[in-house]
Structure formats: structure tokens, C-alpha cells
Amino acid sequence: MHFRKITALLLAFLFIFGAMMTAAGCNNNNGGEGPKKDEPPKSRRTNVFGATEIKIPEDIGYTQNVFCSDTALYLTFSTDYTTIIDADGNEVETRKGYYWQENGGVNLEYPDDEVIIYGTYAAEDSYVPVDTKPAQTGGPDEPEDLWNKHVDEVTEGSSENALLLPDKWTMKYRNVPSVCVADLDKNSPAKYTSKVIDIDIEDQSNENGGSSMVNIFVNGDGDLVMLREYYRYGSGQIDYPVIPKEEIETEEEIVTEEAETNDDFSEPSDTGYDIDEPIDITDDYEYRHWYTIDTIDLSTGKIKDSKDLSELFESLKLDMQNTWLYQVAYDSDGTLAVTIDTSILFIGKDGSLVGKSDIDGWVNNIMSVGKGFIIMSSDDMGNIKYQRAVNGQVEPLQLEGLDSNTYYGFLGGNDNVLYLNGTDCINAYDLTTGQMTEYLNYINCDVEYFGGSVAGVLSDGRVCFISNRYGGGIVYDSIAKPMNPSQKMTVEIYERIPDEDMAEEVLVTIGSAVNDYNLVRSMIRFNKRNTGVRVQLESYEKYNDADTDWRGGYDQFNKDLSTGKVPDIIFMNENMPVESLYRNKVFEDISRYVATLDSSKYLTNIFDATKVGEKMYSLILTFSIQTMFAKSKFVGTEPGWTFEKFTQLLSTMPEGMEAFWGQSRNEIMEIFFQRALNSLVNWDTGETEFETKGFIDFIKYLKNCRETNIYEEFYGQMGDSYDEDKYRQFEEMQQLRYFNDKALLELLYMNDMTAILQAQQEFATKDITAIGYPCRSGNGAIIVPQTEMAIGARSKAKDQAWEFIKFVLEDDDFYNNYWGFCVNKEYMDNKAATAKDNWWGGEDYIDEWTLNWWKESGYSEEYINYQTSRNVQFSEEAVQQAYDIVKGATMVARTDLGLVEIIKDELSSFFGGTKSAEETARIIAGRARTYISEHS
């Protein structure tokens with residue numbers, strides 16, 4: 001009986017074990033289809049804010065001032081109006097916007113390809129009929145009859161902002177301050193709508209001065225309060241009165257300026273003189289300005305009250321001509337704070353001075369927090385200080401945890417919380433505990449914070465954000481693909497989404513030493529597709545401080561990568577030790593992903609340049625090219641040379657020529673070892689070029705190079721004095737170095753298809769060759785990455801990481817916002833096709849005025865001859881040469897700081913004379929082989 005029980009238990013165990021193994025086998029074989037991939041982990045984002053767009057008029061462009069309250073957003077801007085006036089001086093029509101008269105006015109010259117229609121002079125291809133009357137014809141001898149026969153009608157011109165006006169009709173312009181008010185009140189039926197109000201203030205701008213809004217806020221009564229600056233200047237005979245300097249101290253002497261050009265203007269003062277005749281100005285007048293605080297009734301746009309601050313300035317003995325106001329703020333008690341450079345004025349409701357405080361340093365920012373204000377200032381060293389002001393009294397404020405070297409923008413707050421703008425998020429600082437927490441992360445919430453600003457954080461936690469977006473991306477001169485440069489302002493309100501409402505997503509982390517705004521924009525565009533994969537940024541800029549400057553982020557990022565803390569995607573540029581990271585197996589081999597791309601769309605030589613054997617660990621997306629140019633008579637016409645040919649030429653240079661004009665020995669070593677180290681080392685085989693004749697001759701050349709560059713020598717000799725003749729002589733020597741064969745090689749960054757033309761200008765001849773850096777093969781051009789991406793070898797979301805990299809490869813805006821080259825062939829082809837549009841040389845390169853100035857300044861005929869010889873005409877052949885250099889580049893700018901230190905260490909002994917060149921080369925080669933074997 002006992003035996004049967006044991007047998008039954010054993011059989012049961014074997015059955016269960018067999019079932020488990022069967023299930024395991026099914027899982028491992030994935031139904032006979034091979035191993036099943038581990039699914040990347042998913043998670044929910046937390047602390048996410050969603051956006052609702054506020055409808056504002058599309059024609060609002062540049063915003064001057066922004067103020068955000070709990071119930072409304074206020075944007076001030078300028079509105080142009082154009083009034084059309086007929087020949088009798090009557091106002092015919094007023095249009096919103098700025099228009100101009102197309103081909104208007106009497107012109108008695110009649111080119112053959114143009115016609116005259118009723119007094120309007122227009123080209124035939126842009127002619128718009130203005131009436132059914134037959135066209136008048138005539139010549140210079142009969143203009144009177146021609147110009148008097150016009151139609152009383154305004155016709156659109158060839159441009160949407162151009163008008164065809166009858167003869168003797170004119171236009172006048174008016175610029176009106178306006179405010180757009182967007183309703184943010186959650187309980188209002190008009191929530192998130194807006195209206196525009198023109199403010200009833202006459203345009204003060206004319207040839208003798210003008211006015212502008214400095215800052216705005218809204219008071220407790222709901223009125224808009226504006227700090228405005230007025231200024232006037234002139235000399236000689238001008239058409240308005242001016243107070244002599246000795247009389248400008250009293251308010252009674254401020255006068256009303258009634259100019260013929262601006263009859264409606266009067267200064268904001270009840271006292272003044274009426275002047276009908278122009279006053280002759282002598283030395284009594286140069287410039288003056290003053291400020292007012294104007295209260296605007298937003299229901300009508302009219303001024304309710306205006307306070308001239310001149311009298312207040314005078315009572316405080318402030319120099320009115322050299323005192324500048326920047327910001328205004330208004331606390332819950334109705335106290336107004338106005339900031340000067342290093343002082344703050346506190347003004348009560350009745351306009352009286354409550355207090356004045358001198359700040360130790362420059363006032364950067366001021367914000368009301370309930371009753372009182374918080375002030376941020378900085379000293380000459382950039383150290384940040386905080387202070388609090390209540391009832392006009394300022395006391396130091398210790399805000400623990402805030403970096404004294406970091407500038408934070410104030411976004412809002414109350415008696416307990418202060419909202420601060422960081423580099424990639426909004427922070428909430430608790431004034432009672434001194435703790436700062438992240439409130440809203442921009443990337444986490446798909447906020448394009450580059451090119452935008454936070455208008456304010458409301459008391460209920462909502463955030464109002466303003467961004468300026470451009471159709472198709474921001475457009476620079478180098479952009480090859482035509483883009484729509486129209487600007488659109490977007491205003492959005494962000495509200496917190498409950499964490500439980502967020503869907504699960506695969507999160508892919510991108511690590512970067514910098515907050516590259518173009519990367520961020522691509523991340524947001526990718527994330528908004530809502531594919532279930534989301535990229536997030538781990539930026540190391542937070543490690544930058546006063547001690548490390550910009551290197552702090554790079555140092556910490558490199559340290560984390562070398563110790564195994566590797567994100568899913570690594571975003572790099574030329575400042576990263578990519579070669580070392582390759583060898584430490586930090587990156588995944590992405591060659592299988594790259595093989596799926598359509599190679600016809602990309603410059604595959606740039607892809608191939610990063611390969612290590614058959615493997616590919618990173619992808620360069622944007623880059624520049626660095627190469628060396630020389631006159632063809634010295635180096636031939638074909639690019640590319642070995643170290644042996646390079647050093648052979650160095651030994652046979654003409655008398656008085658330098659290979660790298662004015663460069664010091666250390667600078668030349670940096671150039672080669674930071675750019676062309678891979679031409680001396682083969683990391684795959686461990687072979688080096690250090691014992692070759694070419695390298696030995698090169699270090700012999702280095703030994704004889706100058707130890708201080710020529711610029712330091714010259715300016716050191718000049719000292720604090722300035723000798724115009726010596727400076728001109730030095731400038732001529734520097735400019736003529738290639739022209740006179742005093743310099744052999746020019747190091748040039750190529751960022752544009754006109755690079756060959758630029759080099760021809762520098763050498764003042766077309767007979768030049770892009771010879772490149774010495775190398776074993778290829779054209780010697782060095783690819784300098786601007787943006788480069790890799791996938792972490794330990795990532796659990798490699799496929800999803802590639803999804804993002806592939807998205808960026810095809811992202812129009814990503815390429816459009818970089819200055820330089822990219823791997824996308826369509827963009828590069830378009831850059832070549834539009835290169836002529838970006839070339840500034842040609843017939844008008846040097847004008848007559850410049851030539852005369854050179855002669856009068858004492859420049860030599862040789863110098864002037866050189867400058868005129870630089871006048872290079874555009875050439876499609878030169879553009880193709882530049883493109884061929886890019887297509888033929890095979891070397892990437894890689895270096896290894898450890899190996900460079902070995903080379904420099906041994907060369908110092910050689911330069912000091914304790915070792916021969918051959919012995920030094922042998923030691924470098926030995927140490928290099930050991931280093932390579934340890935780090936490969």
C-alpha cells in the first residue's frame with residue numbers, strides 16, 4: 001500500500017514536470033517560429049498636462065508685452081492702419097495693415113516693356129485693369145493731359161499689400177497700440193475666446209522721436225496699466241519746442257509739442273506752451289525722454305488716468321536722461337513697483353512714493369506674491385540674489401535650494417508658492433519649506449518651449465503658454481528646401497490630466513549632454529503621433545555650473561556611459577569620445593536596421609564612414625566638413641595625399657612660407673590629433689603610422705614651429721596702446737598671406753555648397769585644390785558630426801528606439817533647422833540647386849566707397865589689388881566640386897584623449913631635446929600598441 005502511494009506521487013510529478021517542459025518548449029520555440037522577443041516594458045506617464053488652444057486673431061504677429069491673471073491673458077502688439085487720400089486731400093478709405101503704392105507717381109521715362117494706364121506706371125505682366133476706359137498713350141512731351149485723366153478708384157496691385165492709385169493720390173500711416181484679451185475664466189461662457197481692443201493713444205512716432213510700451217499689468221479694477229516711454233531728439237532747425245537744459249528741472253517747464261508732422265500730439269501734462277513757429281535748436285538740445293503710467297479702460301480702450309513720472313524722478317534727484325525703467329508689478333494692496341537698473345520705486349494708489357530701494361546689483365526680475373514682491377537681482381559676477389519687499393521695505397530672502405548661478409524666470413506665485421522657469425520644466429518652490437519640485441516637464445507634456453514662453457501659472461494650477469511657430473520650420477539662408485516662412489502665434493492653456501486616465505506606453509529614453517532644441521522638437525512631433533511608443537529626454541545640462549561651464553554635462557554623461565548607465569538612445573556630437581564608446585561595447589550594432597533603409601535617399605558614404613569592420617554602431621544625421629586647401633601649383637589638382645607627400649612638401653616650401661600661417665605648435669597638434677588621429681591608427685588591427693618616415697618628418701617639422709601664435713605676439717607687442725599704422729600693416733600681412741605665397745594651407749569648415757567659392761575668395765584665385773588631411777586613402781576631407789545617434793546595447797526597446805531614429809531621418813523640420821550638411825540626398829540636392837541664392841560675391845562685391853576708404857586710410861596698392869582680385873563670380877562647377885567633396889568624404893573626426901596624451905607626453909621630451917625624433921616615434925608606437933590592445 002505504501003509502495004503504491006509513492007508510485008502514484010512519482011507519476012503525478014512526472015506528469016506535471018512534462019507539462020511544464022512542453023509549455024516551456026512552446027514558449028521557447030514561439031510555435032516553431034524561433035525565439036520570442038522580450039516585450040519592452042510599458043508604463044504610464046504621470047504629471048501630464050493637456051493643451052487647449054485659445055482662439056486669437058491670426059494676424060497678431062510680434063507680441064510686445066504679456067500679462068497673465070487668473071481670469072485673462074493680455075497680449076499687446078501694434079496694429080498698422082493705412083489711409084488712402086485723394087488728390088484733393090480727402091480720406092477715401094482706411095484699411096487695416098501696411099500698404100504701399102505700386103509704381104506710383106509721375107515718371108516720364110517709358111521703357112519699352114511697360115505701359116502707362118491712367119497715371120499708374122506698371123509693368124505689363126503685372127498690370128491689373130482699373131477701368132473699361134481705353135488706355136492713354138503719350139510721351140514725355142504731353143504729361144499734363146496724361147496725368148489728369150485718372151479713375152477715382154483704388155485697384156489691387158501685383159502684391160497683396162500693394163495698391164494701384166490714381167495720380168496724385170497718397171497714403172498716410174497710423175500705428176496704434178492694441179491689446180488682445182483672452183478669457184481664461186473657467187466659469188465664463190466665453191472661456192478660451194479672445195477679442196482685440198485698439199487703445200486710444202495717438203501714434204507718437206515721427207522723425208523727431210516716438211513712444212513705446214515698456215511693460216504692462218492689470219490692476220484690481222480690471223484696467224490695463226501701461227508703463228510707456230516717450231523720447232524726443234533733434235538738432236538744428238526742428239519743428240517743435242525744446243526746453244533748455246538749465247530749465248528742464250521743473251515740471252512747469254514741460255511743454256506741449258505741436259509739430260506740423262503730428263498736430264494731434266501733446267505730452268501728458270496739463271501745462272505747456274503753444275508754439276506755431278519752428279524753434280532754432282543749438283547746443284541746448286540733444287535728447288530727452290520721460291515715462292508715464294497710463295490706466296486704460298478695457299471696455300472702451302480709452303485712457304482713464306495718466307501719471308507723468310518726471311516730477312517723481314526730479315524729487316528723487318534721478319537723471320532723467322540716463323534713467324531707464326524696465327518692469328512694473330502690482331501687489332494685492334495696490335502698490336506699484338517699477339524697476340530701474342539697480343533700484344526699485346514703490347508707488348501707492350494715489351501716485352505718491354511709498355519707498356525706494358537700491359539693490360546691490362542689476363534687477364533681473366520682480367513679481368508680486370500676494371501682499372508684496374519678490375525681487376531677483378544679480379551682481380557683476382552673475383551671482384543671483386533674492387529679496388522680498390513689503391510696504392516699500394526690502395529685506396534679504398534666503399531661498400534654500402536655488403542655485404545662485406542659475407537664472408530662473410518668475411511665472412507666478414502667491415504667499416506660499418513661487419513658480420520658476422527652468423531649462424526644461426516649470427518648478428514649484430515652496431516658500432515655507434524651501435523645497436523645489438518639478439511642476440510641469442515640457443517634453444513630458446509635448447510643449448515646444450523653444451521659441452515660446454510661459455505667460456503665467458494660474459492660482460488653480462493651469463499654465464498659459466505662448467509659442468511662435470513657423471510654417472514648415474524656422475527658415476535660415478542655408479535652407480535648401482523651400483519653406484513657408486509665415487509665422488503663427490499659438491496660445492494654449494495646459495490643465496493637469498489625472499494619472500489614471502493616461503494609457504500605457506513604451507517609454508524610450510534619449511540621453512544627451514545638451515538640450516538640443518531641434519532634437520526636442522522632433523521628439524514632440526514623434527510623440528504627438530500617439531503610436532504607443534514615446535521618447536523622453538534625459539538631459540545632462542543640469543550638471544553645468546560655474547566651475548565646469550558647458551563641460552559639466554558632457555563629463556557626467558561620458559562618465560555614466562562608461563560605467564554602464566546607458567539610455568535607449570544616445571544623442572551625440574563632435575564633443576563625445578565616440579571611438580572609445582565603440583570599443584567599450586556601449587552601442588548596439590545597428591547595421592541590420594540601416595540595411596532596411598532606401599539607400600538611394602541618403603549619402604551612404606556618411607553611413608559607411610562610421611563602420612567598424614562590417615558593424616555600424618552609430619548614425620550621423622547632420623554634419624560639416626573640414627578640409628585643407630592650397631594653391632594647385634603646390635599640391636596638384638587631385639585631392640588626397642599621404643603623410644609622406646605632406647611632409648615632403650613641408651620640407652620643400654619656398655623661402656618665407658609657413659604651412660599654417662601664424663599657428664603655434666600646440667595649435668597645429670590640436671588640429672591633427674583632434675581631427676585626423678584615425679589616419680595614424682587602425683583600431684581594428686592595432687597598426688599605427690607612428691614609426692613611418694612621414695610621421696617622423698612631421699614631428700621634426702613641429703619642433704621648428706613657433707611656440708606662440710602670431711596674433712598673441714602682435715597684440716602682446718601692441719599692449720594697451722593702439723598704433724593705427726602697425727595695425728594696418730598687420731592686417732595687410734594677414735590678408736595677403738596666400739596671395740603672396742606666405743601661407744601654404746588653409747583650414748576650412750565647409751557648411752555650404754558655396755565653400756569652394758569662399759576658398760577662391762580667400763586665395764584670390766580659382767586655381768586651388770581641396771587637398772584634405774593626410775590619410776592612407778580617400779580625399780582627406782573630415783566629417784565633423786553635428787548630430788549623431790546610437791542605440792544602447794543593453795536597451796530593452798531597441799526596435800522602438802530605431803523607430804524614432806528613422807522618424808528623425810525623414811523629418812523635414814529636423815534638417816531645416818541645422819546649419820550645415822545632412823545625409824538626406826533630397827535636401828543636399830536642393831542645397832546645391834539653390835546655392836546661387838546664397839552667394840554674396842560677384843559684381844557688387846566691393847563698392848566704390850570701400851575702395852576710396854582703403855586708399856584714404858593708407859592701404860597699399862597690393863592690398864587693394866588683392867581685394868579686387870577676390871571678386872569671385874558664381875560658378876556651378878564650384879558648387880559641384882563642393883558636393884563631390886562631401887560625397888567622397890570617408891573619415892570621421894574621431895579622437896581618443898588617452899592616446900593623444902601619450903603622444904603629447906613623448907613629444908614634449910623630443911621638443912626639449914632629450915630624445916631624437918626616431919627614438920620618440922618608436923616609444924610612441926610601443927605605448928600606442930599597448931593602449932590600443934587594452935582599449936579595443
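**Exercise 1.** Why does Tyr 715 count as partly exposed?

*Solution.* The model is predicted, so that local features need pLDDT of at least 70 and side-chain atom pairs count only at pLDDT 80 or more, while totals for chains, interfaces and linings use all residues. Residues are numbered from 1 along each chain as its sequence is written, and side-chain values use heavy atoms, with hydrogens and water left out. Begin with the terms: buried means under 20% relative accessible area, exposed means over 50%, and partly exposed lies in between (1.4 Å probe, protein chains only). Because the relative accessibility of Tyr 715 is 43%, this residue counts as partly exposed.

**Exercise 2.** Find the buried residues of helix 19 and decide how they are arranged around the axis.

*Solution.* First, list the buried residues of helix 19 (residues 848-857), which are Leu 851, Trp 854 and Ser 857. Since they cover an arc of only 135 degrees around the axis, they lie on the same side of helix 19; the arc is that of the directions from the helix axis to the C-beta atoms. Then turn to the other side of helix 19, where Glu 848, Trp 849 and Glu 856 are exposed. Finally, look at what follows helix 19, namely Gly 858, whose phi is positive, near 95 degrees.

Key. Helix = DSSP H or I, 4+ residues; strand = E, 2+ residues; numbered from the N terminus.
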